[in-house]
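I opened the model today and kept notes as I went. The entries follow the order in which I looked things up.

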Amino acid sequence: MQASKRNLSICFATAIVAIAIAFPDRLPAQTDAAAPTRAGSSAAQVSVQVERVNPSDLGLAPSFQLAIYESLLQELNKTKRFHQVLREGDRRASEIPNLLILETTIVKYTPGSETRRAVTTISGATKLTVRSQLVTADGKVVLDRTVNGNVRFFGSNLRATHNLAKNIAKAIKKSPCSLPEQPS
Amino acid sequence: MNGFCVTASPRRDHFSGRGLIRAWALLFCCCTYALAQSATHPVNANVPFSVPVTHLLGLENTKNNCNGTLSIQDSALLFQQRGKPGAKIEIASVRDVFVGGESKQVGGLPMKLGKAAAPYGGGRVVSLFAHKKYDTLTVEYADGDGGIHGIVFQLKKGEGERVWQELVGRGVSAVVLEKQPTKATVEVTHASK
């Protein structure tokens, strides 16, 4: 009995080794394909188009608005959550299926000062609060989060935009933002 | 006395004749200088314009916070790092240009460490004076597919306006150019729900 079990396990091991030798480039690809199934099979095929930041008349400087936009594009690319990350106005967007649109609206903005931070430590922080929404092409909201980005101690005011974009990307990465099922 | 009369009379002649001409010439020069100061000098499109800048973010294949030269050559805006290939943007693709102002602490990390090590809060006093105002130049442009890009440059104070003027002078008038006030940010908290 024990000998047959041993033979069986040897057979299995040999078969696995043979498969590994016969298809050396197949196994890594299989593990890659298996990863999206864990996170949701449609997530890998979803692309995102990042819209420019809506300043909501809060006096956010254009340099900050564009810095948030550019940092968001960078950070979303880093997450590898989306098949493609497109910019606002990109004409290719109309051809891409399963496209989500990322809308960012400034909710609260406290302009800070690097000098005040350096002198007082406790005041002069630059604070940004935004509402990030992932919306489908037909207007359905897939994800709605309020995210903060601050600079409290060290760094320039513009660093708040980088921190904010990082936090938004983190929030999107954590959430299961798959497309809603289409009625057939 | 005689000598005085002899010397005095030609002086009087000098003031009434040549002196008057000199006075007029001086007045003319002053007026010309004043006009030159107030009027914006015309931009010669053939002369290449360049200014040292720090690229804060936005340019593809270029590191953030790197120094280089921003120049306007023919119909393109060119950012060039020393010994590296430059990044080029066609002026025709530029949609908006914004000039803003910020202030930052100077000295970098060594200064920061020095200030932290200074006893009795001496570092804070240093921070009070060790800051520098600078201009930010934000350029918004569209790529070949229509995708919007944004680039932020840091320039010496006053240089932002110069670049802006150069862009206007080189026929960017068709493009909407907005100038943001260069005043430092105001401590106001806005909130809307």
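Which residues have the most contacts inside the largest nonpolar core? I listed Val48(A), Val50(A), Ile68(A), Leu72(A), Leu76(A), Leu164(A) and Phe153(B). The core has 57 residues. I took a nonpolar core as a set of buried Ala, Val, Leu, Ile, Met, Phe, Trp, Tyr and Cys residues joined through C-beta atoms within 7 Å. Buried means 20 or more other C-beta atoms within 10 Å of the residue's own; exposed means 12 or fewer, partly exposed lies in between, and C-beta atoms are placed from the backbone.

Residues are numbered from 1 along each chain as its sequence is written, and chains are lettered from A and ligands numbered from 1 in the order in which they are written.

Helices (H or I, at least four residues) and strands (E, at least two) are DSSP runs, numbered from the N terminus. I then checked Leu72(A). Setting aside neighbours within four places in sequence, I found Leu72(A) in contact with Val50(A), Ala165(A) and Ile168(A). Contact here means C-beta atoms, placed from the backbone, within 7 Å.

**Confidence.** I looked up pLDDT, the predictor's confidence in each residue, from 0 to 100. Chain A has a mean of 81, and 74% of its residues reach 70 or more. Residues 24-42 of chain A fall below 50; this stretch has nine contacts in the model beyond near neighbours in sequence. Where pLDDT is low, the predicted coordinates should not be read in detail.

**Interface.** The contact takes 31 residues from chain A and 32 residues from chain B. On the chain A side, α3, β2 (85-87), β3 (99-110) and α4 (114-120) each give two or more residues. The largest share, six residues, comes from α3(A).

**Gln84(A).** Gln84(A) sits in the loop between α3 and β2 of chain A. Not counting residues up to four places away in sequence, Gln84(A) touches Ser47(A) and Ile96(A).

**Chain B sheet.** I counted five helices and eight strands in chain B. Seven strands form an open antiparallel sheet, in the order β4-β3-β2-β1-β7-β6-β5. Strands pair if DSSP finds at least two bridges between them. The edges are β4 (87-90) and β5 (94-105), each pairing on one side only. The twist averages 30 degrees from one strand to the next, with axes as lines fitted to C-alpha atoms (for helices over the stretch in contact) and angles from 0 to 180 degrees between N-to-C directions.

I followed β2(B). Strands β1 (49-57) and β2 of chain B pair over seven bridges, with His55(B) opposite Cys66(B). Strands β2 (66-73) and β3 (76-80) of chain B pair over five bridges, with Thr69(B) opposite Gln80(B). Two residues lie between β2(B) and β3(B) in their hairpin, where Asp74(B) takes a positive phi near 55 degrees.

Conventions. Predicted model: local features only at pLDDT ≥ 70, side-chain atom pairs only at ≥ 80, totals over all residues. Contact = placed C-beta atoms within 7 Å.
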